[in-house]
Amino acid sequence: MLAGEEKDTAMKTIMQYRFLNGLITPSSGSSLLILLLIFLITLSAPYAEAFQAKVLPSNIHTGDAFMLRVTGLDAAEPSAIFEKKALHFSKYGKGCFVAIGAVDIKSRPGVYLISLKTGQQKTKLQLRVLKGSFKTIHLTLPEEKVTFSPEDLVRIDREDEMMGSIWQIESERLWDGSFILPLPNPFSTPFGTKRIINKKTVSLHRGLDMQGKAGEAIQASNRGRVVLTEELFFGGNTLILDHGQGIFTVYMHMSGFNVKPGDIVSKSDVIGFVGSSGRSSGPHLHFGVKVMRVNANPVSITGLKL
Ligand SMILES: [Zn+2]
């Protein structure tokens, strides 16, 4: 004879065994309910994953970089599409992934959607973009500084094409933690400044000019690979770092380079020196940032806590 408790345990074991082998029959209302519950739990399991997705900072302006952080994720790497481009995620500890994007300065302010896919789940996230406030300045320059010879135009075109092909590269991530400003100095011309030269030529400043003394050391904004050290028509001695995942930093008007193409540099390594080469009116550094072929405000990317 089995004691009451032992009998119960034995019955449960038999029930489990039968259930596992598909032998149980829904002979009563309660077992039908149990089966239904098990079915519902199984069905909803992939959707019950508790993850959080956040766009940071919550308010961005036209021309800004932003980050998308997904936490509490058990599934494999998420994927996201923003403005028809796939964002690149990096693993940031257990269940956490981070991707960097940017909104073009000429984009219309408003609410943009980011399509996020995690495992079986698809979500749309909102990205609120406010109108950036940019200055307009008027400059008067000698005509020979704003008119170009046919040879100059050929060179300008060739250099544009060469730079354009660099921005297409989307290599493995090399960046590591937050981006830094390459000099500890004040800014002279902010990103987005509209310059009207001799009342006709309009040029949009798609980088940040920083004050600097000739020969002052310029630091790498983040870890990356040197992909260009060349003297260009506009930029003078120009250096480009590829940080991976379609993110580049650009340094112009340098007096000289401290690294060569192919070198991997660490964040804050001295890559070159402040100068006034190319079309420049005095020693300063033009610092530019590209995120997936978009010129991003350098101040916005250095503000991301990566
Ligand atoms: Zn500049």
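Modeller: Gladly! Let's begin with pairing: two strands pair if DSSP finds at least two bridges between them. Strands themselves are DSSP runs of E with at least two residues, while helices are runs of H or I with at least four, and both are numbered from the N terminus. This is a predicted model, where local features need pLDDT of at least 70, side-chain atom pairs count only at pLDDT 80 or more, and totals for chains, interfaces and linings use all residues. Residues are numbered from 1 along each chain as its sequence is written.

Biologist: Then what makes β16 and β17 a pair?

Modeller: Strand β16 (residues 224–232) and β17 are joined by seven bridges in the antiparallel sense, and the cut-off is at least two. The hairpin that joins β16 to β17 runs through three residues.

Biologist: Which strand does β17 join by six bridges?

Modeller: That is β18 (residues 247–257), and the two run antiparallel. Here Leu241 has Thr249 in β18 as its bridge partner. Their hairpin has two residues between the strands, and Gln245 takes a positive phi near 60° in it.

Biologist: Why is β17 called largely enclosed?

Modeller: A residue is buried if 20 or more other C-beta atoms lie within 10 Å of its own, exposed if 12 or fewer, and partly exposed in between, with C-beta atoms placed from the backbone. Eight of the nine residues of β17 (residues 236–244) are buried, so the rest of the structure largely encloses this strand.

Biologist: And what makes α4 lie largely in the open?

Modeller: The number of buried residues among the 17 of α4 is zero, so this helix lies largely in the open.

Biologist: How do you know that the span of α4 is close to the expected one?

Modeller: The expected span is 1.5 Å times one less than the number of residues. Helix α4 (residues 150–166) reaches 25 Å from its first C-alpha to its last, close to the 24 Å expected.

Biologist: Why does Ile137 count as exposed?

Modeller: Ile137 has 11 C-beta neighbours inside 10 Å, so it falls in the exposed class. It lies in strand β10 and touches Thr193 and Arg195, not counting residues up to four places away in sequence; contact requires C-beta atoms, placed from the backbone, within 7 Å. The C-alpha atoms of Ile137 and Ile196 are separated by 6.2 Å, although the two are 59 residues apart along the chain.

Biologist: What is the strand order in the open sheet of three strands?

Modeller: The order is β10-β12-β13, with mixed pairing. Both β10 (136–139) and β13 (201–204) stand at the edges with a single partner strand each, so one side of each has no neighbour in the sheet. Strand β12 (residues 194–197) pairs with β13 in the antiparallel sense over four bridges, with Ile196 opposite Val202 in β13.

Biologist: How much confidence does the predictor report for the chain?

Modeller: On pLDDT, the predictor's confidence in each residue from 0 to 100, the chain averages 86, and 84% of the residues score at least 70. Over residues 1–28 the pLDDT is below 50, and this stretch has nine contacts in the model beyond near neighbours in sequence. Residues 38–48 also have pLDDT below 50, with four such contacts.

Key:
Contact = placed C-beta atoms within 7 Å.
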